[in-house]
Amino acid sequence: MASHLFCGRVNLNILREAARKDLREFLDKCSGSKAIVWDEYLTGPFGLIAQYSLLKEHEVEKMFTLKGGRIPSAAVKNIVFFVRPRLELMDIIAENVASEDKLHPRDFHILFVPRRSLLCEQRLKEKGVLNSFTNIDEYILDLIPYDGDLLSMESESSFRECYLESDQTSLYHAAKGLMTLQALYGTIPQIFGKGECARHVANMMLRMKREFAGSHTQILPVFDTLLLLDRNVDLLTPLATQLTYEGLIDEIFSITNGYVKLPPEKFAQKKQGEGGKDLPTEPKKLQLNSAEELYAEIRDKNFNAVGAALSKKAKVISAAFEERHNAKTVGEIKQFVSQLPHMQAARSSLANHTSIAELIKDITTSEDFFDSLTVEQEFMTGVDTDKVSTYIEDCVAQKDPLIKILRLVCMQSVCNNGLKQKVLDFYKREILQTYGYKHILTLKNLEKVGLLKPQSTMRNNYPTIRKTLKLWMEDTNEQNPNDISYVYSGYAPLSVRLTQVLARPGWRSIEEVLKMLPGPHFEERQQVPTGLHKKRNKPVILVKSA
Amino acid sequence: MWPTKDKTELLGPLRKIELYEMGWNLKDGLRECLVAAAPYGGPIALLKGHYRRSPSARPQLEIYSSSGLPLASFPWKSGVVKQLGWTVSDDLLCVQEDGTVLVYDLWGGFKRHFSMGNEVSQSQVLETKIFHSPYGTGVAILTGALRFTLATNIDDIKLRRLPEVPGLQEAPSCWAVLTQDRQSKVLVANGSQLFILDNTACTPVTPPGLSPQASSIVHMCVSFSYKYLALLTDSGHVWMGTSNLKEKLSEVDTKIKTPPKQMAWCRRPKSQQPSAVVMWDGLLIVVGECKETIQYHLDDDSVLVPELDGVRIISGTHHELLQEVPGACEEIFKIASMAPGALLLEAHKEYEAASFGKCFLSNFPPEQFVSMCRDLRVLNAVRDYTVGIPLTHTQFKQMTVQVLIDRLVYRKLYPLAIEVCRYLKTPEYQGVSRVLKHWACYKVQQKEESDEVIAKAVSVKLADAAGISYSEIATKAYESGRTELAIKLLEFEPRSGEQVPLLLKMKKSPLALSKAIESGDTDLVYTVVMYLKNELNRGDFFMMLRNQPVALSLYKQFCKHQEQDTLKDLFNQDDDHEELGNFYVKASYKDQRLEARVALLQSAVDEYYKAKNDFSAKTTEDEMRLLRFQRKLEEEKDEQLVGFSLQDTMTTLLSVGLHKHAEQLYKDFRVPDKRFWWLKLKALAEKEDWEELEKFGKTKKSPIGYLPFVEVCIKHHNKYEAKKYVSKVTPEQKVKAHLAVGDMEGAAEAAIERRNESEISTVLSRCSATTDHLLMERLNRAKATAVKK
């Protein structure tokens with residue numbers, strides 16, 4: 001079920017199991033048959049915790065999407081709303097409840113994810129439906145175990161909320177999530193951080209720690225260090241085009257909640273005698289995580305090394321199938337047959353990834369991709385970042401997708417520590433004239449969060465940061481990497497470098513650079529109950545970026 | 001086991017232990033008193049002079065501990081009380097004739113009252129019973145209309161009126177409340193008929209093997225666990241069986257035909273022997289499995305208090321416990337017993353060391369022994385006369401340490417409670433901290449001490465205790481009218497979230513707001529903000545937000561989704577012209593009518609100028625200009641344009657041949673040459689207007705070079721036209737241009753001429769081995785020299 005969560009150095013399945021237990025308990029609280037009405041946004045994150053089968057075991061017979069009007073009829077005893085605490089959703093729920101068939105009333109329940117909200121309950125009260133609910137509960141889902149070495153809040157808008165709207169709700173959830181994590185995996189003795197938001201999260205954690213004093217059970221700490229980083233400390237990395245296999249799948253097809261939707265043509269089942277059949281029109285949906293052996297092997301490889309890995313795998317698999325000719329005795333045949341399901345799974349996995357790799361290759365070998373990458377790399381190495389880029393100009397003239405333009409312009413701005421007013425205004429005018437004046441607000445928002453900015457009188461310190469942290473490596477080995485810069489074929493992500501330096505030799509060696517990056521940097525130590533100090537082992541660092 | 005062992009009497013299989021000589025001094029004993037004693041050695045309530053109904057002499061309500069120490073005493077001023085009873089948490093319930101139930105605490109303090117419904121108050125209470133179940137304390141009432149009304153849990157009152165009992169003309173001879181199948185039911189006897197009443201039906205039942213001489217059931221009682229039932233008939237027989245009436249355990253003739261005063265079960269959990277106690281004036285009869293009964297004379301009016309493992313008998317002077325002799329004790333005290341326990345007792349007498357024999361047991365785990373010793377010590381402490389909670393070990397285990405501590409706290413025996421917690425090593429969070437919190441709650445209500453003294457005392461005592469909820473203590477202080485003390489105490493609360501509701505209640509809203517912000521819980525901030533919004537006038541509200549940027553930005557978010565107009569007011573208040581401009585821009589996109597849009601944009605322009613943001617102002621002016629232009633052209637040329645970007649407008653104009661208009665926009669809006677060239681190039685190619693394209697290419701030197709011309713033509717599958725531009729391409733792009741039109745020779749030529757290795761390689765990679773054999777040789781040679789260089 002969740003084998004991908006076992007493979008990392010920390011067993012994250014404990015977290016998943018805890019989350020599943022809470023879910024089961026809530027479902028059982030609403031005894032009898034039930035229908036779940038979903039806030040659609042939540043279905044993805046929930047998929048990482050529980051499949052439909054779990055819900056079914058607890059008498060969930062129907063699922064609906066939350067929308068206005070009356071809830072479709074279903075012969076169930078309970079209607080359970082799974083929603084985020086948002087006012088606009090409360091209005092819809094109120095409408096649902098008000099238009100319920102009075103002759104066959106069903107019991108209503110609300111499960112707020114990740115937290116109950118007084119504000120929302122107040123709204124339900126104003127709408128006169130608060131008393132219609134038998135259970136109002138919260139389902140704390142802050143850090144979701146995403147893969148063996150990754151927890152995610154699956155909160156795509158938190159950067160926007162924190163930096164654009166000054167709404168730090170997601171930071172509160174992050175702090176709460178880290179507290180849950182510590183309740184399951186022990187107190188984390190060291191906390192490091194960089195940035196305003198990181199500071200805020202750490203402060204909340206320390207405060208919560210005081211609040212819960214005495215109520216925690218004692219667990220041997222699993223994590224040695226927690227590193228909190230603000231996103232705005234490293235704006236460059238997300239702007240650059242990812243070049244690992246997984247990264248490119250995400251760039252091109254976008255991975256949501258661990259799933260990717262792919263064009264169906266490449267995945268048509270080729271069965272003999274069905275040559276002329278219609279091609280499937282539904283996109284092919286694939287789950288991507290380390291439970292799949294092959295994917296675990298190639299996901300983090302530079303795409304240029306994926307081809308070789310795939311063909312090596314192909315040889316291994318066909319050799320394994322050839323084994324059947326060597327199987328002579330009944331015992332040997334039996335053994336071969338017992339391995340067959342595993343081999344067949346491997347073969348279909350190989351077929352899938354070969355198809356995906358082909359789709360990606362079509363794009364990465366295009367001239368356009370190459371040109372765009374060249375410009376990105378020029379920016380990252382500091383070439384001509386203070387001038388208008390002809391390439392960007394051409395792309396605007398071609399009316400390439402706006403997101404591509406914005407990414408490049410922002411990248412140039414970040415790598416130049418702001419653009420000259422003239423250059424900035426030129427880009428802005430180009431974008432507004434080409435993509436519409438409505439984007440004046442888009443551009444203002446980018447400026448507000450610092451992705452785009454006019455050059456200040458301060459000198460451009462990006463080159464210093466680049467040199468000190470070795471953000472650009474000339475001789476990157478894509479096939480057998482010995483440095484993280486392989487992931488962007490030259491660029492080493494700033495946040496990774498900060499983590500590496502922290503591990504060895506420590507941040508003291510880069511004080512100067514830390515001062516150039518936004519926000520305070522800090523270190524906190526948390527008391528670990530005596531007797532629970534870990535013996536010196538390989539440290540486990542938990543990195544959390546806000 | 002008992003401190004008062006000397007006063008133990010053995011009565012066959014039962015023993016009677018004197019618990020206390022009562023500390024009270026009752027002139028008339030329990031005569032003419034309404035009495036209620038709480039189980040688990042709980043308090044005793046007496047309503048004296050209750051039967052004298054004269055207006056001059058008010059009845060007196062008195063509350064005592066089990067040892068008869070006075071806890072409270074006050075004249076009863078309310079209505080006629082039908083019944084007294086205790087809740088599971090030691091609160092006193094007084095059920096009045098009109099169905100009102102008054103709740104008092106152990107100290108005689110009035111807590112609240114509730115009604116058992118209109119029906120009850122109209123037809124009055126005839127009889128009532130207070131019962132305990134897993135759902136809490138319940139009240140059952142038989143009304144003057146001979147109907148039963150029931151509330152299973154007085155803390156969450158849901159009144160149930162039970163169905164009618166057929167043929168009931170007068171009060172039933174007896175009845176009792178049962179808890180079965182997670183439901184409270186009433187068992188009613190009407191003469192010899194027996195009925196079970198539940199929510200929906202009244203079902204006649206027959207106890208198996210009930211002696212046929214009986215013409216009426218005159219008394220009944222249910223065991224503590226609701227598992228067993230005893231019925232007393234007018235023929236003097238006691239029938240004992242299971243309460244589901246499936247099994248008869250025994251039947252005994254008491255030979256007394258007068259109705260008794262009280263009847264109760266007296267058995268230990270898991271005991272095999274059924275025994276019940278029936279009490280008449282001055283006489284107590286114990287009936288069991290055999291035909292013989294045990295009789296016992298009572299000197300005084302007494303009350304039976306059923307317990308989990310026996311019956312307590314309270315009289316005007318004494319308090320006794322009647323219970324089955326435990327197996328272990330029987331072993332010990334049997335004459336000439338050689339059981340290990342008996343030997344140990346002998347050893348104890350000799351050496352005065354109870355744990356002496358333990359040394360001879362090598363593999364005996366000591367935990368059990370240690371924990372039993374601890375339990376016994378705690379029990380001895382609470383049985384003490386001054387505390388007066390006569391618990392047996394069985395009761396203690398059933399009730400749990402937690403509850404015992406609660407009871408000690410309720411009796412304000414804080415030091416003892418803390419001692420017990422420490423001694424039993426209860427986790428601090430559930431133990432000492434909790435007791436201290438209760439102590440503090442009590443402390444803050446002491447009016448004679450000053451705020452400072454109390455706050456100091458509380459903080460000193462509670463300083464090291466983990467998990468203390470100061471807000472609860474502060475709430476108590478506030479409730480007793482000490483707001484200042486409450487605020488002082490709240491300062492100690494580590495959970496800022498907990499502070500907020502109380503601060504709001506105390507109208508300390510600025511403090512509440514900053515505490516909410518401190519907690520980081522945005523929902524809490526919103527809650528306070530919404531509260532303030534309703535409480536304050538708009539000006540004050542805005543002022544308060546202004547001083548709290550976190551709250552202000554959250555409120556702005558709220559307004560953005562919920563109250564656009566307020567958002568505008570907020571920006572206005574702050575003279576935030578930039579945001580106002582943005583606000584109008586956004587509004588302009590929501591309006592469909594062009595005039596309105598332009599007007600909104602004009603407002604935006606004004607604001608942007610005020611904000612000294614010339615770029616935004618000029619851009620917005622451009623936008624208005626474009627809109628007007630589009631509108632005009634739409635009217636003139638019937639071409640849909642409004643809403644298009646400038647670029648798309650020009651594209652459309654070119655594609656329909658309105659070149660002049662496109663040119664005009666190009667000039668008016670100062671479109672860069674490069675982009676306009678691209679635009680025109682693509683538009684003309686799209687229309688396949690090759691002639692116009694050629695003309696355009698010659699108007700002046702192309703700012704984008706000529707490679708785009710080649711590529712665009714190829715894209716539209718016109719190699720012929722494409723070739724026209726190859727010669728004009730700059731040397732750097734020559735190879736690319738030749739390749740684009742498929743001219744391998746030309747590409748090779750250009751590459752070799754430029755001696756550029758990578759270009760040569762590019763051409764090579766495009767050559768096919770079969771057709772371009774010679775070319776490849778040349779290229780390879782050139783490459784070799786280029787590399788050498």
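Colleague: How far apart do the end C-alpha atoms of residues 468-783 of chain B lie, and what percentage of the span is helix?
Modeller: Keep in mind that this is a predicted model. The end C-alpha atoms of that stretch of chain B are 83 Å apart, and the span is 78% helix and 0% strand. An unreviewed UniProt entry annotates residues 468-783 of chain B as "domain: Vps16 C-terminal".

Colleague: Then let's take helices. How do I describe two that pack together?
Modeller: Packed helices are described by two things, the angle between their axes and the distance between those axes.

Colleague: Which residues make the contact between α9(B) and α11(B)?
Modeller: From α9(B) you have B:S471, B:A474, B:T475 and B:Y478, and from α11(B) there are B:E498, B:L502 and B:K505. Sorted by type, the residues of this contact come out as 3 nonpolar, 2 polar and 2 charged. The crossing of α9(B) with α11(B) is left-handed.

Colleague: And at what angle do α14(B) and α16(B) pack?
Modeller: Helix α14 (residues 538-546) and helix α16 (residues 564-573) of chain B pack at about 65°, with their axes 11 Å apart. That makes α14(B) roughly perpendicular to α16(B). Their crossing is right-handed. On the α14(B) side, the contact uses B:R538, B:F542, B:M543 and B:R546, while α16(B) brings B:T566, B:D569, B:L570 and B:Q573. The residues of that contact split into 3 nonpolar, 2 polar and 3 charged.

Colleague: Now strands. What holds them side by side?
Modeller: Strands of a sheet pair through backbone hydrogen bonds, in a parallel or antiparallel sense. In chain B, look at β11 (residues 125-133) and β12 (residues 136-143), an antiparallel pair joined by 8 bridges. Within this pair, B:E127 stands opposite B:L142.

Colleague: How many residues sit between β11(B) and β12(B) in their hairpin?
Modeller: There are 2 residues between them. Another hairpin is formed by β5(B) and β6(B), with 5 residues between the strands, and B:G68 in its turn has a positive phi of about 85°. Strands β5 (residues 60-64) and β6 (residues 70-75) of chain B are antiparallel over 5 bridges, and B:L61 has B:F74 as its bridge partner.

Colleague: What is the strand order in the open sheet of 4 strands in chain B?
Modeller: It reads β23-β24-β25-β26, with antiparallel pairing. At the edges are β23 (262-265) and β26 (293-297) of chain B, each with a single partner strand, so one side of each has no neighbour in the sheet. Direction ignored, neighbouring strands of this sheet are turned by 20° against each other on average. Strand β23(B) is joined to β24 (residues 276-280) of chain B by 4 bridges, with B:M263 opposite B:V278.

Colleague: Which strands are the edges of the open sheet of 3 strands in chain A?
Modeller: That sheet has the order β10-β11-β12, again with antiparallel pairing. Its edge strands are β10 (255-256) and β12 (284-287) of chain A, each pairing on one side only. Strand β11 (residues 259-262) of chain A is joined to β12(A) by 4 bridges, and the bridge partner of A:L262 is A:K284.

Methods:
Residues are numbered from 1 along each chain as its sequence is written. Chains are lettered from A and ligands numbered from 1 in the order in which they are written. This is a predicted model: local features need pLDDT of at least 70, side-chain atom pairs count only at pLDDT 80 or more; totals for chains, interfaces and linings use all residues. Side-chain values use heavy atoms; hydrogens and water are left out. Two strands pair if DSSP finds at least two bridges between them. Axes are lines fitted to C-alpha atoms, for helices over the stretch in contact, and angles run from 0 to 180 degrees between N-to-C directions. Angles under 35 degrees count as roughly parallel, over 145 as roughly antiparallel, 65 to 115 as roughly perpendicular and the rest as oblique. A crossing is left-handed if the near helix is turned anticlockwise from the far one by less than a right angle, and right-handed if clockwise. Contact means heavy atoms within 4.5 Å. Ala, Val, Leu, Ile, Met, Phe, Trp, Tyr, Cys and Pro count as nonpolar, Asp, Glu, Lys and Arg as charged, and the others, Gly among them, as polar. UniProt positions are given in the numbering used here, feature names are shortened, and annotations may be inferred rather than shown by experiment.
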